[in-house]
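Subject: Structure handover

Hi there,

Here is the structure I promised to pass on.

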Amino acid sequence: MAQRDSQRSVKRARAGGAGAGESEQAGAAPSVRASHHAALPQYETIALMLQGGGALGAYQAGVYQGLDEAGILPNWLAGISIGALNTAIIAGNAPEHRVEKLREFWETICQPAYGPPLPAALEQAFFNSNDTVRKAFTAMQAVGALVDGQKGFFTPRFPPPLPAVSVPPQLASYYDTTPLKATLERLCDFDRINSKEVHVSVGAVNVHTGNFAYFDNAHKTLRPEHFMASGALPPGFGAVEIDGEYYWDGGLMSNTPLYEVAQASPRRDTLAFQVDLWSALGPVPDNITDVQGRMKDIQYSSRTRLVTDTMQRTQRFRHVLREVLDRVSPEHRNDPWCKLAEELSCSKRYNIVHLIYGNKEYEGHYKDFQFGLSTMRQHWESGLEDIRNSLAQPGWLDMPDNDAAFVTHDIHRDLR
């Protein structure tokens, strides 16, 4: 099924989608619009890998819209935390409805759990004001998320948990995510997810063993709980019970599904879009508030570049070994060492396009739980701009032809 999907990776492109103009009104720079379908080589796997990062996840929705515009249909979706929730929305809908369902999801969870949101005109007036007003306004929205929760996502537990009182593991948290289950059931077709039309993997951590686990529709039937487990970040959210085991957010151990996709066997020619919400590169903070934000950047970036560099070196060894074996005469190919080399070698090629959210000056350490609608739209537009500009670069989607059979691209790194 996945191979058949990859043959259909170029589909009819659609218009930019509702809401792009709204994002630009929120102060985002206009992006380069895709003007034609992306012509792809015959990649066997086209993967979209989505990192965790809470409210920043709207950036990933913008990236997906840009891929949709270009007619690129991933046949493997892998996510952690908020990336797992975006994965559920994408995989759980027909291609022609995915962008609108992503937008419905984000416009739902970026409203307060109780009471109406601010009138749109008033919110945009605050958001588009000077830096001082914008910082104060977004900080107020973050406090609102902590106090009131977010619609269709989480609500505060009342009374809150007491430190020394034992409760069931799923209740040992400050917030109740029952509303999220209803939201996923409303917006996602889980029969479609489990049809294996698209390969789906989401990462979580087993609370008892401390081991990382991937819930994969190739091996089990996925339910809302699997995606909720991937995003159950303690102590805010409680552990999710699945088959008698309890799971927390996969970002506690590794906040990127990159390794899961790249080490998959059998190996395949792969084009992967790695969408990160935390940048390992950043300024040295000079105040306590910024220290908290920088700690999150470093903790949750999961050393994506280090993982990529390690993968590139490993793939180079495998590819060189493959080339050497091709030069060994047939009478020696049955040698035990040649057979072992055959198992270790690889002729497949990997192209990884990095898309990394860039921090905004007005954002504080609360950026991952600041769910304002205007902020969400700016995150969305940032992702859309980055993927449009990435797809516009000549040769970036080509099969690698270097000695490593492995290339990486990053619009913010390569065009500096």
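Predicted model: local features only at pLDDT ≥ 70, side-chain atom pairs only at ≥ 80, totals over all residues.

Residues are numbered from 1 along each chain as its sequence is written, and side-chain values use heavy atoms, with hydrogens and water left out.

Let me start with the aromatic rings. Rings of Phe, Tyr and Trp (its six-membered ring) pair if their centres lie within 6.5 Å; planes under 30 degrees apart are stacked, over 60 edge-to-face and the rest tilted. That rule gives 14 aromatic pairs. One of them is Y59 with Y357, edge-to-face at 5.6 Å centre to centre and 75 degrees between the planes. Y59 belongs to helix α3 (residues 58–69) and Y357 to the loop between β10 (350–356) and α15 (373–391), so this pair ties together parts 298 residues apart in sequence. Helices (H or I, at least four residues) and strands (E, at least two) are DSSP runs, numbered from the N terminus. Both Y59 and Y357 are buried, meaning under 20% relative accessible area, with exposed being over 50% and partly exposed in between (1.4 Å probe, protein chains only).

F215 and Y247 are also edge-to-face, because their ring centres are 5.0 Å apart and their planes at 80 degrees. This pair links strand β6 (residues 212–216) with strand β8 (residues 245–249). F215 is buried at 2% relative accessible area, and Y247 is buried at 10%.

Strand β8 has other partners too. Strands count as paired if DSSP finds at least two bridges between them. β5 (residues 199–206) runs antiparallel to β8 over 3 bridges, with A204 opposite D249. β7 (residues 240–242) is likewise antiparallel to β8, joined by 3 bridges, and I242 faces E245. The hairpin of β7 and β8 has 2 residues between the strands, and D243 in the turn has a positive phi of about 50 degrees.

R103 lies over the face of W380, 3.8 Å from the ring centre, and R134 over that of F127, at 4.4 Å.

Finally, L122 lies in helix α6 (residues 120–127) and is partly exposed, at 38% relative accessibility.

Happy browsing!

Definitions and conventions
Lys NZ or Arg CZ within 6 Å of the ring centre and 35° of its normal.
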